[in-house]
Amino acid sequence: MLGPTIIAHGTEEQKQRYLGPMLHADEIWCQMFSEPAAGSDLAAVQTRAKKNDDGTWTLNGQKVWTTNAQFAAYGLILARTNPDIPKHKGMTMFIVPMDAEGITVRGLRQISGEAEFNEVFFDDVVIDADSVVGGEENGWGVGLTTLMFERLAIGLGSSSFGYRATRFAEAISADPVAANDHEVRHNFGELAAELEAIRWTGYRSISALQDGQIPGPEFGLAKVTTVNCAVRAGDLIADIVGPEALDEASEWSYMISFLPGLKSAGGTEEILRNTIGERVLGLPPEPRLDKGIPFSELRAKEKEGAAA
Ligand SMILES: Cc1cc2nc3c(=O)[nH]c(=O)nc-3n(C[C@H](O)[C@H](O)[C@H](O)COP(=O)(O)OP(=O)(O)OC[C@H]3O[C@@H](n4cnc5c(N)ncnc54)[C@H](O)[C@@H]3O)c2cc1C
């Protein structure tokens, strides 16, 4: 997610310095976008970056849900650099060395037992002038590139996450009751077909990338489909294996307990469905949810208006 972002928006020096070690996993990176009050509404980011007289920047604020921050050498951070202009415009993306003075990383434990997320606190953290990625006040555009690649990565990831039809088939075959159950066989057939469709959609996405295309809103579809398919696969396995599927030693436990989280990662299903509806299918925007007015009330008002 972050490598392609630097390829798309970074300076030549940034590409030379960071991409090689990132590719070889000599330097792990993390993505610091979400905050306690900025998730789906990412443009509400409040972490501040102030420019100093010598061109360096000082960061103050907090990020949350930062995957692998505890292992990261560097992170890409979305910060507010101009609070006086519309919120989407006043943000800038920076590269931050995670060992900089003033950074505190605190782990968050999940139901799976892992603590792969973190809170990250920034207390007067000074970063270099050349750490800006994609130009000042262009953070929103740079962030969207990362999110598109994240959705694509999750959308392509079904096989590497372990959602392989052959693997599920083995588990079903090992249980004679499940193997002869009509409903299980039916559900598995549907799942296997969907996994195959996801695989081919993935190849189409990769071909588009090879042609130089940056992933657009349509790649949210791959993410939604993959995650829903994965959740159904987890349900199927849990039905067949029973509660032991969640035992620590079970080969399925991580997959099953981790799956629900993927619904939110990289943009929630609701947000992505709105984006697909509006930006891929051309439906009119849905202002009603933002304003918090119940649909039934709006319909009633519309009817009143029409009658008048
Ligand atoms: C596995 C995982 C890994 C993650 N890793 C990272 C990471 O490394 N770095 C990082 O920055 N973030 C990370 N995140 C955070 C992720 O990006 C956020 O969880 C996500 O953007 C949703 O934000 P939120 O959790 O604040 O939920 P909220 O935005 O508070 O949403 C809560 C619910 O309200 C719904 N909702 C909100 N607004 C609307 C709307 N306008 N219309 C309809 N429904 C709406 C949402 O769909 C959701 O169901 C990770 C999350 C997960 C689960």
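Which helices and strands each supply at least two residues of the shell around the ligand? Select β1 (29-32), α8 (253-262), α9 (269-280) and α10 (287-291), and you have them. Helices here are DSSP runs of H or I with at least four residues, strands are E runs of at least two, and both are numbered from the N terminus.

Before going further, two notes on what you're looking at. This is a predicted model, so local features need pLDDT of at least 70 and side-chain atom pairs count only at pLDDT 80 or more, while totals for chains, interfaces and linings use all residues. Residues are numbered from 1 along each chain as its sequence is written.

**Stop 1: the ligand shell**

Now select the residues around the ligand: there are 21 of them, and the closest are G39, S40, A265, T268 and E270. Colour the shell by class and you get 8 nonpolar, 11 polar and 2 charged residues. For this count, Ala, Val, Leu, Ile, Met, Phe, Trp, Tyr, Cys and Pro are nonpolar, Asp, Glu, Lys and Arg are charged, and the others, Gly among them, are polar.

**Stop 2: the two domains**

Colour domain 1 (2-135) and domain 2 (157-280) separately; these bounds come from an automatic or database domain assignment. Their C-alpha centres lie 30 Å apart. Where they touch, domain 1 puts in 5 residues and domain 2 puts in 7, with contact meaning C-beta atoms, placed from the backbone, within 7 Å. On the domain 1 side, that's 2 nonpolar, 3 polar and no charged residues. Why does the ligand lie between the domains? Both domain 1 and domain 2 give residues to its shell, so it lies between them.

**Stop 3: helix α6**

Select residues 182-210, which make up α6. Its 29 residues reach 42 Å from first C-alpha to last, close to the 42 Å expected at 1.5 Å a residue; the expected span is 1.5 Å times one less than the number of residues. Show side chains for F188, L195, I198 and S205, the buried residues of this helix. Buried means 20 or more other C-beta atoms within 10 Å of the residue's own, exposed means 12 or fewer, and partly exposed is in between, with C-beta atoms placed from the backbone. Just after α6, click G212, which takes a positive phi of about 90°.

**Stop 4**

Most residues other than glycine have a negative phi. Go to D124 in strand β7 (residues 117-127), where phi is near 50°. D124 has 10 other C-beta atoms within 10 Å, so it counts as exposed. Next, hop to the loop between β8 and α3 for E137, which has a positive phi of about 60°.

**Last stop: zoom out**

Show the whole protein and you'll find 11 helices and 8 strands. The C-alpha atoms fill a box of roughly 75 × 65 × 40 Å along the principal axes. Of the 308 residues, 30% are buried.

Conventions
Near = placed C-beta within 6 Å. Contact = placed C-beta atoms within 7 Å.
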